[in-house]
Amino acid sequence: MLTLGLRPLPSWRRNTNSIGACVFCRKNDDCPIKYGEKKTNEKWNLTVHYYCLLMSSGIWQRGKEEEGVYGFLIEDIRKEVTRASKLKCSVCKKTGASIGCVAPRCKRSYHFPCGLQRECVFQFTGNFASFCWKHRPVQIITSNNCRDSLLCTICLEFIEPIPTYSVLRSPCCKNAWFHRDCLQVQAINAGVFFFRCTICNNSDIFQKEMLRMGIHIPEKDASWELEENAYQELLQHYEHCDVRRCRCKEGRDYNVPDSKWEIKRCQSCGSSGTHLACSSLQSWEQNWECLECRSILYSAGEFQKAKKHALPNTNVGINDCLLEESSPKLSRQSPGDQRKDLLRQGSKFRRDISTLIIELGFQVKKKSKKVFINKANIWNSALAGFRSQNFNPSYTIEIVYVNEKDHFGTEQPGSKQEFLSLLMQQLENSPLFEGSLSKNLSLNSQALKENLYYEAGKMVAISLVHGGPSPGFFSQTLFNCLAYGPENTQPILDDVSDFDVAQIMFRVNTAATVADLNSIVNDYYKYLELIGCLRLITSISDKYMLAKDILVYHVIKRVQAPFESFKQGLKTLGVLEMIQTYPEAFFHILCHKPENLSAKILSDLFTVHTLSDVQTLGFWNSYLQALEDGKSTVTMEDILIFATGCKSIPPAGFKPTPSIECLHMDFPVGNKCNNCLALPITSTYKEFQESMDIAIKNTLRLEKEENPHFI
């Protein structure tokens, strides 16, 4: 009897049912979205699903990416398959369950496809943890006002807004709900660089929550970015002369650069062109718009004649570009074209802060949105207005003052710049920040719970874009974290506002011997252990690293959650991106208060209406000089608040420009909505001064008594 010398299969291959099946789950399915890429090592005749391999509990990536399979060595895969062959799946009851639940005392094991079937959660981050159907993480929703069905913001099909395994909610937008399958497909296609909330475009908070809930976000570029020549057509310039009568004998497609037959494209649409000679253009630098765009701009009223006035504290060049009337020898430009010209000016003008603020202001649309503000409670009414579903930060803000004590519901038009100025004062004195003059973010659990740090960043962005004042109270450390990132920022001792922490750091810095330093560490052992700064002291030079660790923790790491939330709010209307692009320009207005007002600054700020009383204007200038010399209890700031509602001149200037008129009346009147100051016509300077002092002091005193502006 002959015995065939057949070589038995190794133990790690015995349980594989068919050729080409995954050695872990034993399935032939090739479905990258569900199981990851299916890969076969020809040399060892070994096939795995990427997710089955990645989530297996007893294997680690010990090789380089090109070694083994995805960096997992063949010998390690064999050992893991052998280990799994002894474990029975809690779902299908077959052996080979290589994935185990990480919950303490839970002994459930399962194959990856079986885990998907029983709605287990696999976290593709950190230690690649897996949770069974009993211990999987869930989204806790405190309250849900939406009882009706909502749309999945990806597939636009209706879903019940109840967090389950197959339905997830965005952590940053309350009414954004998704199918799990829709999220996974989008994550696979978008990759880590483009996967974000479909409503607010948040990526940091959104991705963190999705990873926790088991969405795999591959570290790759978006699929649409990987297509060869995907945007090739965008690189083609339009080269065709579209004027009614083309003068070129070579034809409408003839284009010779640096000659009169060079084709110039429409600066508005870019989809029409003309030879320079066909439209009598002297050079390529001249502006040209096609007939269709020109008619649209004219009908929209974009070519109205601009008033001739200058912004305070700005260069003449930029005023000429943005606010002055066009030269009659050149074609008049629309605001959109002025913006394009501004972008061409180069870094000289773009680095000027007023120019950057004006450029951000181009986003504000003419459509207005009323925001109802109670002056006695600026903070809460501003929060309610900005959180309203109908509020859009790109709409023009129209302030309406209301009084809760007024039972008749009287509404008064308010000054937007006054409101934003009061709001910035509220923000500076709020518990969201700590410090005396230069402030850092505080750690306030209640504010975190109510998402107030996000709202604070949003308020700063809105104030800058809509012509309000800048904060002026950021510490250099907070600014550097925003502009360059916390990882590139080194805080200083002045950033520590907590007396106890400052005392610890003082003792560490002044320690003279290793014994002294060890004594300090023993005294504050629990605190140092809690904040992760406990270290072995071997030499006196270790005190510098210890002090640095404590400082970085207290100023930066401790407030990481408030900082991320504040940063997200500051992204409103592209403000954070502009700060990071031009940090030098924004540093001064975010970290320093505006310069002190002088008689000359105020005199230049207010334009004078025609036919004004000459003597009264003389009294006005004398009064300003008296204030500067300290001969009155009224200050320069008081005058500016009385007339405009602002304590200082906003970075982009006032809109409308502050003005003065002289009227026959007993006392001055300030119209904050129009930034207009009406001066009383008197026969003597003494009468003028007394009238101004009494009206301004009493008006500001009454406003403070009626509206204490407490948060």
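## Basis of the description

The model is predicted, and local features need pLDDT of at least 70, side-chain atom pairs count only at pLDDT 80 or more, and totals for chains, interfaces and linings use all residues. Residues are numbered from 1 along each chain as its sequence is written, and side-chain values use heavy atoms, with hydrogens and water left out.

## Overall make-up

The chain contains 28 helices and 21 strands. Of the 711 residues, 45% are buried. Here buried means under 20% relative accessible area, exposed means over 50%, and partly exposed lies in between (1.4 Å probe, protein chains only).

The accessible surface of the chain is about 39200 Å², and carbon and sulfur atoms account for 51% of this surface. Such areas come from the Shrake-Rupley method with a 1.4 Å probe, and for residues only the protein chains shown count as cover. Among contacts between residues at least 6 apart in sequence, 58% join residues at least 24 apart; a contact means heavy atoms within 4.5 Å.

## Salt bridges

Side chains of opposite charge can pair when their charged atoms come close. The whole structure holds 13 salt bridges, each defined as a side-chain nitrogen of Lys or Arg within 4 Å of a carboxyl oxygen of Asp or Glu. One of them joins Glu 418 and Lys 672, with an N to O distance of 3.0 Å. Glu 418 belongs to helix α14 (residues 416-428) and Lys 672 to the loop between β20 (669-671) and β21 (676-680), so this bridge ties together parts that are 254 residues apart in sequence. Glu 418 is buried, at 5% relative accessible area, and Lys 672 is also buried, at 13%. Together with Lys 375, these two residues are linked in a network of salt bridges.

Helix α14 also contains Glu 428, which forms a salt bridge with Lys 593, their closest N and O atoms being 2.9 Å apart. Lys 593 is in the loop between α24 (583-591) and α25 (599-605), so the pair ties together parts 165 residues apart in sequence. Lys 593 is partly exposed at 45% relative accessibility, whereas Glu 428 is buried at 18%. A further bridge connects Arg 535 and Asp 549 at 2.9 Å, N to O. Arg 535 lies in the loop between α20 (525-530) and α21 (542-555), and Asp 549 lies in helix α21, 14 residues apart. Both count as partly exposed: Arg 535 has a relative accessibility of 29% and Asp 549 one of 24%.

## Aromatic rings

There are 21 aromatic pairs in the structure. Rings of Phe, Tyr and Trp (its six-membered ring) pair if their centres lie within 6.5 Å; planes under 30 degrees apart count as stacked, over 60 as edge-to-face and the rest as tilted. Tyr 50 and Tyr 51 form a tilted pair, 6.0 Å centre to centre with 45 degrees between the planes. Tyr 50 is partly exposed at 24% relative accessibility, while Tyr 51 is buried at 3%. The rings of Tyr 623 and Phe 688 have centres 6.0 Å apart and planes at 85 degrees, so this pair is edge-to-face. The pair links helix α26 (residues 614-628), which holds Tyr 623, to helix α28 (residues 685-706), which holds Phe 688, the two residues being 65 apart. Tyr 623 and Phe 688 are both buried.

Ring pairs also build a cluster whose members include Tyr 50, Tyr 51, Tyr 70 and Trp 133. Lys 39 lies over the face of Tyr 70, at 4.8 Å from the ring centre. Lys 375 is likewise placed over the face of Tyr 401, at 4.7 Å from the ring centre. A charge sits over a ring if NZ of Lys or CZ of Arg is within 6 Å of the ring centre and within 35 degrees of the ring normal.

## A nonpolar surface patch

Leu 151, Leu 156 and Phe 158 make a nonpolar surface patch of about 330 Å². Patches are made of residues with over 30% relative accessible area and no salt bridge, with like charges joined within 9 Å and nonpolar side chains (Val, Leu, Ile, Met, Phe, Trp, Tyr) within 5 Å. Leu 156 lies in the loop between β7 (150-151) and β8 (158-159) and is exposed, with a relative accessible area of 56%.

Technical notes. Helix = DSSP H or I, 4+ residues; strand = E, 2+ residues; numbered from the N terminus.
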